[in-house]
Amino acid sequence: MLAVVIVAAGLEASTIRHLALGEMAVRADQIFTGKVVGIASQLNARRTGIFTFVTIEVDEYLKGGRRNLLTLRFLGGEAEGYRLVVPGSPVFHLGEEVLVFSDGGAGRIPTVLGMAAGKFTISRDSPTGAPMLRRSLAGLTLESSDGVPKEPGATVSPEPASLDEVRHLVREALAQ
């Protein structure tokens, strides 16, 4: 089988506006933690694009939501021998624990807010067992509100790394 790789207009990175976690919390329709239980990609009906669907078993909603299972959709993936690469798209793995800021809902299929910037992987701190967050911004160029690009391709967020800190930041942002 011949595999064809489609790279979105030859891009090496996608550019998005940098949002602080508090701003992301306000803009997100849903914020939740959970475990990835399903990943599937498929060609669209016209066979001109590929969408990936990620199903997450939700443990906790920090904002919005009521369902135990939530499916996210975003452009890119691999299906029927074709691959569509969208730089800056979030990458999920089966069994991975995540914190997601999502956009969409209320009749729309939700996606990840800010591409990969809205997805954090949860791991456990070795000495304490506390849940810690990390986020990959590979493939993203962040720009400030005045349009000035920030450091491209950073792999680790400079923002708080503990899940408890992010919970606190989200609650504060939503209380204002």
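View 1. At a relative accessibility of 53%, Glu80 counts as exposed, where exposed means over 50% relative accessible area, buried under 20% and partly exposed in between, computed with a 1.4 Å probe on protein chains only. The model is predicted, so that local features need pLDDT of at least 70 and side-chain atom pairs count only at pLDDT 80 or more, while totals for chains, interfaces and linings use all residues. Residues are numbered from 1 along each chain as its sequence is written, and side-chain values use heavy atoms, with hydrogens and water left out. The side chain of Glu80 meets that of Arg47 in a salt bridge of 2.9 Å, N to O (a side-chain nitrogen of Lys or Arg within 4 Å of a carboxyl oxygen of Asp or Glu). Because Arg47 lies in the loop between β3 (30–43) and β4 and Glu80 in the loop between β6 and β7, the pair ties together parts that are 33 residues apart in sequence.

**View 2. The salt bridge between Arg167 and Glu60.** The closest N and O atoms of Arg167 and Glu60 are 2.8 Å apart in this salt bridge. The pair links distant parts of the chain, with Arg167 in helix α2 (residues 163–175) and Glu60 in strand β4, 107 residues apart; helices (H or I, at least four residues) and strands (E, at least two) are DSSP runs, numbered from the N terminus. Arg167 is buried, with a relative accessible area of 17%, whereas Glu60, at 22%, counts as partly exposed.

View 3. Lys119 and Glu96 meet through their side chains in a salt bridge of 2.8 Å, N to O. Lys119 belongs to strand β10 and Glu96 to the loop between β7 and β8, 23 residues apart, and both residues are buried. The charged end of Lys119 also sits over the ring of Phe92, 5.1 Å from its centre (NZ of Lys or CZ of Arg within 6 Å of the ring centre and within 35 degrees of the ring normal).

**View 4. The aromatic pair of Phe101 and Phe120.** The ring centres of Phe101 and Phe120 are 6.1 Å apart and the planes stand at 55 degrees, so the pair is tilted; rings of Phe, Tyr and Trp (its six-membered ring) pair if their centres lie within 6.5 Å, with planes under 30 degrees apart counted as stacked, over 60 as edge-to-face and the rest as tilted. Phe101 lies in strand β8 (residues 97–103) and Phe120 in strand β10, 19 residues apart, and both are buried.
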